Amino acid sequence: MTEQILDHIQNIFPAEQDIPEKYNVKAPVHQTTYLCDGKLVEWKGEMKDVYSPIYIKEKGKLTQKYLGSYPLMTGDEAKNALEAAKKAYAKGTGVWPTMKVKDRITYMQRFVEKMQAKRTEVVNLLMWEIGKNLKDSEKEFDRTVQYILDTIDSLKDLNRRSSHLEYESDIYAQIRRGPLGVVACMGPYNYPLNETFCTLIPALIMGNAVILKPAKYGVLLLSPLLDAFKQTFPPGTINIIYGSGRETIGNLMKTGEIDVFAFIGTSKGANGLKKMHPKPNRLRSVLGLEAKNPAIILPDADLDLTVKECVLGALSYNGQRCTALKMIFVHDAIKDEFLKRFVAAINNLKIGMPWEDGVQITPLPEPDKPAYIKGLIKDAQDKGGALLNDEGGAQNKSFIYPAVVYPASPDMDVFHEEQFGPIIPIRSFVDIQEPIDFIVDSNYGQQVSIFGSNSDEVAKMIDPMINQVCRVNINSQCQRGPDVFPFNGRKDSAEGTLSVYDALRVFSIRTLVACKNHGVNKKVLSEILEDRKSNFLTTDIVL
Ligand code: G3H
């Protein structure tokens with residue numbers, strides 16, 4: 001088995017002729033424009049080359065597939081995008097922030113139609129740029145479309161609920177939600193479409209003006225959508241810039257004119273950028289950050305189910321999910337059987353190129369990640385851990401085989417660090433307090449998975465755990481979805497809550513029109529409502 005796997009790893013990369021025609025990138029994508037003030041502005045400056053994590057075999061040599069390039073913009077051009085966003089928002093008086101909700105919904109419906117026409121191109125680039133398998137790339141696209149449709153429905157609902165006047169203590173009021181201003185939006189490389197749009201779409205539809213900078217990897221996949229953005233939205237409401245986060249968004253933060261910072265990535269990256277803003281009270285942050293979600297396997301867990309969920313949880317998209325299971329605690333009484341079955345299940349995972357049918361383990365987009373994973377394995381071995389699968393850590397360029405490390409101990413780096421890749425530390429326990437302490441003492445507080453079939457024991461874990469993390473999963477891997485559920489975290493794992501429902505709220509603020517029931521007010525109110533004189537003060541509903 002080991003030899004077979006090692007041989008496969010050595011020959012994992014295809015020759016050009018092995019790549020199915022329909023999935024190949026026929027010509028490099030050169031993104032030579034950026035979207036600013038409703039125009040695709042030609043970029044004449046330095047470009048950043050984009051290489052795929054997928055290598056191509058030619059005459060016994062492996063070469064990284066060249067995918068194209070994008071602008072390496074500086075702070076100055078980023079500031080042009082800021083000016084465009086400020087102009088569109090016009091301190092809250094612009095066409096977009098004062099538009100009827102119904103009309104903003106119409107714009108978004110037009111955009112989503114245009115976006116759907118680009119599915120094949122975007123999915124293909126997802127595979128090539130970040131190595132996500134075909135099934136998950138398609139899922140990412142479809143999930144994002146669904147997210148937009150659900151957001152539209154949720155906004156209609158929100159609008160319906162506030163389309164009436166309150167009357168309290170002799171005061172009439174209409175309470176709605178208004179936009180916050182200019183939003184800087186940055187997504188992560190593991191969900192460069194979905195997670196980026198999970199902040200971009202609600203920010204836009206609530207009437208804000210947005211400056212979007214794509215993730216470090218997964219940049220070109222936005223190119224097929226640039227025209228749709230340009231054609232759909234009023235100039236300056238959505239601006240898309242390229243380059244390093246520090247140089248572009250960093251320089252915008254320093255101006256103090258960003259009202260909302262929406263960022264999915266590491267707490268280090270988020271904190272560095274947040275600190276640059278000179279007016280911390282003006283800035284609202286919406287952050288999805290790292291996590292170290294553990295699985296806790298109780299002695300009576302159903303092992304078939306547990307192994308299946310733990311493999312999925314630890315290794316979907318090679319473990320590059322903030323919600324991945326990054327530490328497994330298994331009760332001593334079942335550890336031998338669990339380890340045996342877990343390693344066997346990993347051996348059965350199909351490795352290969354993203355377009356291959358049923359493939360689960362693929363090359364990694366971060367060039368340093370395989371060396372980092374190997375470093376974690378070595379550190380664990382130096383500190384008494386064993387590598388349970390012989391092929392664990394076997395590498396070929398950007399591909400590294402999942403490694404199972406046991407027993408993981410607190411002095412190992414992999415015990416604390418968010419590995420965000422294919423290494424799974426496992427530790428056995430006798431006293432349940434040990435995994436509980438791991439969670440309590442952790443800097444993170446996103447989710448936990450508890451595996452067990454005795455309801456008394458599972459219930460005993462739920463009550464303390466729910467106050468440590470924000471989602472307790474029972475006999476199920478950790479995950480964000482479905483996107484209508486709240487997605488958040490404690491400590492260094494998040495700031496704010498993102499779900500379809502919550503995101504509309506984090507990108508807006510409650511604001512009201514009120515008047516005392518005296519004088520001419522009844523007449524004024526009635527005339528505004530009956531003659532539809534205001535876009536805000538209205539009892540119209542959107543069906
Ligand atoms: O990287 C973090 C993602 O939000 C995880 O989403 O659990 O649906 O894969 P997921």
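This is a predicted model: local features need pLDDT of at least 70, side-chain atom pairs count only at pLDDT 80 or more; totals for chains, interfaces and linings use all residues.
Residues are numbered from 1 along each chain as its sequence is written, and side-chain values use heavy atoms, with hydrogens and water left out.

Let us begin with the overall layout. The protein splits into domain 1, residues 21-288, and domain 2, residues 293-483; these bounds come from an automatic or database domain assignment. Between the C-alpha centres of domain 1 and domain 2 there are 31 Å.

Where the domains meet, 23 residues of domain 1 are in contact with 23 residues of domain 2, contact meaning heavy atoms within 4.5 Å. The size of an interface is often given as the accessible area lost when the parts come together. Here domain 1 and domain 2 bury about 2,000 Å² between them, with 61% of it on carbon and sulfur atoms. Buried area is the accessible area (1.4 Å probe) that two parts lose on being put together, summed over both.

How many residue pairs are in polar contact across the interface of domain 1 and domain 2? The rule finds 10, with both residues at pLDDT 80 or more. A polar contact is a pair of N or O atoms within 3.5 Å; within protein, one must be able to donate a hydrogen and the other to accept it, and residues adjacent in sequence count only if both atoms are side-chain atoms. On the side of domain 1 that touches domain 2, the elements giving two or more residues are β4 (47-58), α4 (119-130), α5 (134-161) and α6 (194-205). Helices (H or I, at least four residues) and strands (E, at least two) are DSSP runs, numbered from the N terminus. The residues on that side of domain 1 comprise 14 nonpolar, 4 polar and 5 charged. In this grouping, Ala, Val, Leu, Ile, Met, Phe, Trp, Tyr, Cys and Pro count as nonpolar, Asp, Glu, Lys and Arg as charged, and the others, Gly among them, as polar.

## Salt bridges

A salt bridge is a side-chain nitrogen of Lys or Arg within 4 Å of a carboxyl oxygen of Asp or Glu. The whole structure holds 28 of them, and the rule finds 2 across the interface of domain 1 and domain 2.

| Salt bridge | N to O distance |
|---|---|
| Arg 480 and Glu 195 | 3.0 Å |
| Glu 257 and Lys 86 | 3.0 Å |
| Glu 140 and Lys 132 | 2.6 Å |
| Arg 341 and Asp 304 | 2.7 Å |

Arg 480 and Glu 195 also belong to a network of salt bridges that links them with Arg 143 and Asp 483.

How exposed are the partners? Buried means under 20% relative accessible area, exposed over 50%, and partly exposed in between (1.4 Å probe, protein chains only). Glu 140 and Lys 132 are both buried.

## Backbone details

Most residues other than glycine have a negative phi, and most peptide bonds are trans. This model has some exceptions to look at.

Tyr 406 and Pro 407 are joined by a cis peptide bond with omega about -10 degrees, and Pro 407 sits in the loop between β18 (403-406) and α13 (413-416). The bond from Gly 481 to Pro 482 is cis too, with omega near -5 degrees; Pro 482 is in the loop between β22 (471-474) and β23 (490-491).

Positive phi values also turn up. Lys 59 has a phi near 45 degrees, lies in the loop between β4 and β5 (61-71), and is exposed at 82% relative accessibility. Is Tyr 317, with its relative accessible area, buried or exposed? Tyr 317 is buried, at 5%; its phi is about 45 degrees, and its place is the loop between α10 and β14 (325-331).
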